[in-house]
Amino acid sequence: MKYTYLIASLFLLSGCSIQHIQQTELSSKKEKNMERISDLDQFDQNISSYLINFKNRGLIGDIHKYENSYFKPWNLKRIDIPLEDAKWAYKAFTVKNSYGENLKLLDDSFFQDIYERSNFQAYASLNRTAITLKALDIRAFPSDKPLLMDPSKAGEGFPFDYLQNSTIAPNKPILVSHYSRDKEWVFIESSFAFGWVKARDIVYIPRKYIKLYKDAKKLFFIQENIPIYDRYNNFLFRSRIGMMLPEIENPSSKYALLAIANYKNTQAYYIESKVSKDIVHEGILEFNRENITMIFNEIRETKYGWGGMYGDRDCSSTLRDFFAPFGIWLPRNSYKQSQVGKVISLEGLTNQEKLLKIKEDAIPFETLLYKRGHILLYVGIVNGKVIVFHNTWGIKTKQNGKEGRFIIGKPIFSTLEVGKNLKYYDKKSSLLSNLKSMNILTQ
């Protein structure tokens with residue numbers, strides 16, 4: 001087997017806007033089990049059906065622009081997140097609206113302890129370049145504890161932990177602001193998100209080594225969930241679509257060097273590793289039927305995961321990871337993704353006018369559709385219907401004035417009125433009715 005050798009510096013993406021996502025509360029288990037989403041039966045859930053008339057586009061991304069965004073934390077001399085923005089969660093969550101893992105309201109002592117631990121007096125005092133050593137959760141507070149909204153309401157409680165900002169991949173460039181008071185956590189800025197990660201899971205990288213990363217050849221994973229080992233067959237991490245890896249030539253060895261932390265003093269050193277050429281691609285991919293199919297079939301295997309929890313993806317991280325191998329860098333949340341490229345407003349239009357505008361102007365696989373808190377990829381027209389691809393938690397329902405959700409919990413192809421056949425479908429919350437804009441990424 002042929003191998004390619006690399007320093008793993010990867011790009012993960014993840015997270016929709018922090019929005020209220022709801023679960024289903026149908027009248028009975030029997031009724032819930034009997035109902036199905038008709039779109040999932042009527043429209044093919046395989047991507048090949050939507051690529052029949054697709055015209056290959058060649059390269060649509062720019063590796064240099066992509067790298068500028070990817071390496072942003074290492075290009076900063078000082079963390080550039082305003083202190084008030086860094087403290088957003090401390091204002092958003094209070095004893096009046098926050099519940100703990102026991103589904104009881106959190107008390108003052110929780111918030112007092114968190115604020116003291118956060119040590120914001122030291123904000124932006126370190127400004128040290130670093131790299132992540134494993135897949136990490138980026139938290140809004142320096143705590144593993146969940147913070148939930150009212151669990152008695154539809155769609156709240158598990159799994160919607162509002163402290164879960166995003167996830168970040170191993171060997172990802174970051175800039176460290178400061179330590180928590182107990183030194184268990186560090187506040188970091190990445191290329192797409194900021195917040196708290198465990199201090200033991202990062203290592204500082206001297207700026208003199210940064211040029212080595214930037215000048216290397218660039219590789220992208222094209223297969224998901226493949227275990228990566230060092231030369232001694234010790235497990236390191238698993239591959240993930242959306243990860244970019246600088247490759248380093250090493251004339252004295254058939255193996256590359258992988259940045260990893262020394263267990264005793266967390267100083268960076270290197271171990272030898274290898275990766276099969278079958279699971280990576282050098283440089284960005286051409287935007288053609290074969291490559292789109294390959295990446296889609298990997299992406300769609302993950303379920304819906306709030307903020308990237310449990311190794312899954314939400315709506316925006318699904319699209320963010322999909323476009324990464326093609327050299328298009330997308331921001332973290334759905335609203336910011338909706339502002340990339342040529343933006344076309346759909347506000348003030350009727351549903352029929354929206355559909356007509358999409359059919360006239362949208363480009364399959366290059367256009368995003370946006371509603372508050374959710375982002376979708378337009379893939380074309382089938383039987384006169386606009387078809388989109390999106391990773392979704394569920395469909396809003398309403399029974400006797402009470403809200404609920406019919407849970408989907410995975411990526412799907414659907415119309416913009418998915419779930420319309422459900423008995424308790426909430427017409428006012430349809431995707432089509434709530435679309436605000438579309439944006440063509442390549443224009």
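β20 is mostly covered, with eleven of its 15 residues buried. Buried means under 20% relative accessible area, exposed means over 50%, and partly exposed lies in between (1.4 Å probe, protein chains only). Strands (E, at least two residues) and helices (H or I, at least four) are DSSP runs, numbered from the N terminus. The model is predicted: local features need pLDDT of at least 70, side-chain atom pairs count only at pLDDT 80 or more, and totals for chains, interfaces and linings use all residues. Residues are numbered from 1 along each chain as its sequence is written, and side-chain values use heavy atoms, with hydrogens and water left out.

β19 and β20 run antiparallel and are joined by five bridges. Two strands pair if DSSP finds at least two bridges between them. L377 has F389 in β20 as its bridge partner. The two strands form a hairpin with two residues between them. In that turn, N383 has a positive phi of about 55°.

On to the next hairpin. β20 pairs with β21 in the antiparallel sense, over eleven bridges. H390 has its bridge partner, I412, in β21. Two residues separate β20 and β21 in this hairpin, and N400 in the turn has a positive phi of about 55°.

## The six-stranded sheet

These strands belong to an open sheet of six, in the order β17-β22-β18-β19-β20-β21, with antiparallel pairing. β17 (342-345) and β21 (402-414) stand at the edges. Each has a single partner strand, so one side of each is left without a neighbour in the sheet. From one strand to the next, the twist averages 35°. Angles run from 0 to 180 degrees between N-to-C directions, and axes are lines fitted to C-alpha atoms, for helices over the stretch in contact.

K342 stands opposite I440 in β22.

## Helices across the sheet

Helix α12 (residues 351-361) lies across β17, β18, β19, β20 and β22. It runs at about 5° to β22. Helix α10 (residues 315-323) lies across β18 (367-371), β19 (374-382) and β20 (385-399), and runs at about 65° to β19.

L355 is found in α12. It counts as buried, at 17% relative accessibility. Beyond residues up to four places away in sequence, L355 touches V386, L416 and L432. Contact means heavy atoms within 4.5 Å. L355 and V386 are 31 residues apart in sequence, but 7.2 Å apart in space, C-alpha to C-alpha.

## The α9–α10 pair

Two packed helices are described by the angle between their axes and the distance between the axes. Helix α9 (residues 289-299) packs with α10 at an angle of about 145°. Their axes are 10 Å apart. I292, I295, F296 and I299 in α9 meet T318, D321 and F322 in α10.

The crossing of α9 and α10 is right-handed. A crossing is right-handed if the near helix is turned clockwise from the far one by less than a right angle, and left-handed if anticlockwise.

## The three-stranded sheet

A second open sheet has three strands, in the order β12-β9-β16, with antiparallel pairing. β12 and β16 (280-282) stand at the edges, each with a single partner strand, so one side of each is left without a neighbour in the sheet. The twist averages 35° from one strand to the next.

β9 (residues 217-221) and β12 run antiparallel, joined by four bridges. F220 stands opposite M244 in β12. β9 also pairs with β16, in the antiparallel sense, over three bridges. Here F221 stands opposite V280 in β16. In β12 (residues 244-247), M244 and P246 point one way, and L245 and E247 the other way. All of them are buried.

## Helix α3

In α3 (residues 63-70), I63, Y66, E67 and Y70 are buried. Seen down the axis of α3, these residues fall within an arc of 100°, so they line one face of the helix. The arc is that of the directions from the helix axis to the C-beta atoms. The face turned away carries the exposed residues H64, K65 and N68.

The buried residues of α3 pack against α4 (72-75), β5 (173-179), α8 (210-215), β9 and β12. D62 caps the N-terminal end of α3. One of its side-chain oxygens lies 2.9 Å from the backbone nitrogen of H64. A polar contact is a pair of N or O atoms within 3.5 Å; within protein, one must be able to donate a hydrogen and the other to accept it, and residues adjacent in sequence count only if both atoms are side-chain atoms.
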